[in-house]
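The sequence and the structure are shown first.

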Amino acid sequence: MMDGFDRLDGWLRSALRALAPAARKTLFREIVRDLAARNRKRMSAQAGPEGDPWEKRKPNRNGRVRSYAKMMTGLRAARRLRATSAADGAELGWTGRNARIASVHQLGAADLVEPGGPAVKYPTRELIGFAAEDIARIRDRMLAHLSGA
């Protein structure tokens, strides 16, 4: 069974293909900038895309937890969280060392604490993702762009 959103999404895909490449690139740039800002805000709130809080830091050797310091402050900086757009789509993510660090946290992988140091399994902390509200905002932005608003 197809609901109204499925039909709407099909129509949006058709309308996007009909847009000129420059207009699609402009639309994708607006969307990815909005997504970047929303994801930065969530990272600042120490929460995943659906609003679920990240797992707290573990205590260090002295038994203290650095709960006063927010995690991922460097990764959420605009100069590191890259938003790029083209006529065929948009990307939001990191490059180089920042990408490696982000993927360890996004996927909950193991990594070295410091070069030559012990390997630690980090808990999954979803840095970038789509919440239902994000998808609705993208749909609204696309409709507004296509209607000329």
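## Two loop residues with positive phi

Met72 is located in the loop that runs between H2 and E1. The model is a predicted one. Although Met72 is not a glycine, its phi is positive, at about 65°. Most residues other than glycine have a negative phi. Met72 counts as buried because its relative accessible area is 11%, under the 20% cut-off.

Gln46 also lies in the loop between H2 and E1. The phi of Gln46 is near 60°, again a positive value in a residue other than glycine. Is Gln46 buried or exposed? With a relative accessibility of 16%, Gln46 is classed as buried.

## Surroundings of Gln46

The side chain of Gln46 reaches the backbone oxygen of Met43 at 2.9 Å. When residues up to four places away in sequence are left out, Gln46 touches Pro53, Trp54, Lys70, Met71 and Arg76.

## The E1–E2 hairpin

Strand E1 comprises residues 82-86 and pairs with E2 in the antiparallel sense, over five bridges. Two residues stand between E1 and E2, and the two strands form a hairpin. Within this pairing, Arg82 is placed opposite Gly93 in E2.

## The largest pocket

The largest pocket holds about 1200 Å³ of space. Its lining consists of 31 residues, of which Arg57, Arg66, His105, Val113 and Tyr122 are the closest to the centre. Helix H3 (96-107), strand E3 (110-112) and strand E4 (119-121) are the elements that each give two or more residues to this lining.

Which element provides the largest share of the lining of the largest pocket? H3 does, with six residues. By class, the lining of the largest pocket contains 14 nonpolar, four polar and 13 charged residues.

## The second largest pocket

About 500 Å³ of space lies in the second largest pocket. Of the 20 residues in its lining, Phe28, Ile31, Phe130, Ile138 and Met142 are the closest to the centre. The elements that give two or more residues to this lining are helix H1 (4-18), helix H2 (21-44), strand E2 (89-93) and helix H4 (132-147).

H2 contributes the most to the lining of the second largest pocket, namely five residues. The lining of the second largest pocket divides into 13 nonpolar, three polar and four charged residues.

## The cavity

How many cavities of 30 Å³ or more does a search of the whole structure find? The search finds one. The volume of the largest cavity is about 50 Å³. Its lining is made up of Ile31, Asp34, Leu35, Arg38, Asp134, Arg137, Ile138 and Arg141. H2 and H4 are the elements that give two or more residues to the lining of the largest cavity.

By class, the lining of the largest cavity has three nonpolar and five charged residues, and no polar ones. Two residues of this lining, Ile31 and Ile138, are also among those closest to the centre of the second largest pocket.

Definitions and conventions:
Residues are numbered from 1 along each chain as its sequence is written. This is a predicted model: local features need pLDDT of at least 70, side-chain atom pairs count only at pLDDT 80 or more; totals for chains, interfaces and linings use all residues. Side-chain values use heavy atoms; hydrogens and water are left out. On a 1 Å grid over the protein atoms alone, a cavity is a set of points where a 1.4 Å probe fits but cannot get out, and a pocket is an open set with protein on both sides within 12 Å along at least five of seven lines; lining residues have an atom within 4 Å of a point. Grid points are joined across faces, edges and corners, and a volume is the space filled by probe spheres set on the points. Helices (H or I, at least four residues) and strands (E, at least two) are DSSP runs, numbered from the N terminus. Ala, Val, Leu, Ile, Met, Phe, Trp, Tyr, Cys and Pro count as nonpolar, Asp, Glu, Lys and Arg as charged, and the others, Gly among them, as polar. Two strands pair if DSSP finds at least two bridges between them. Buried means under 20% relative accessible area, exposed over 50%, partly exposed in between (1.4 Å probe, protein chains only). A polar contact is a pair of N or O atoms within 3.5 Å; within protein, one must be able to donate a hydrogen and the other to accept it, and residues adjacent in sequence count only if both atoms are side-chain atoms. Contact means heavy atoms within 4.5 Å.
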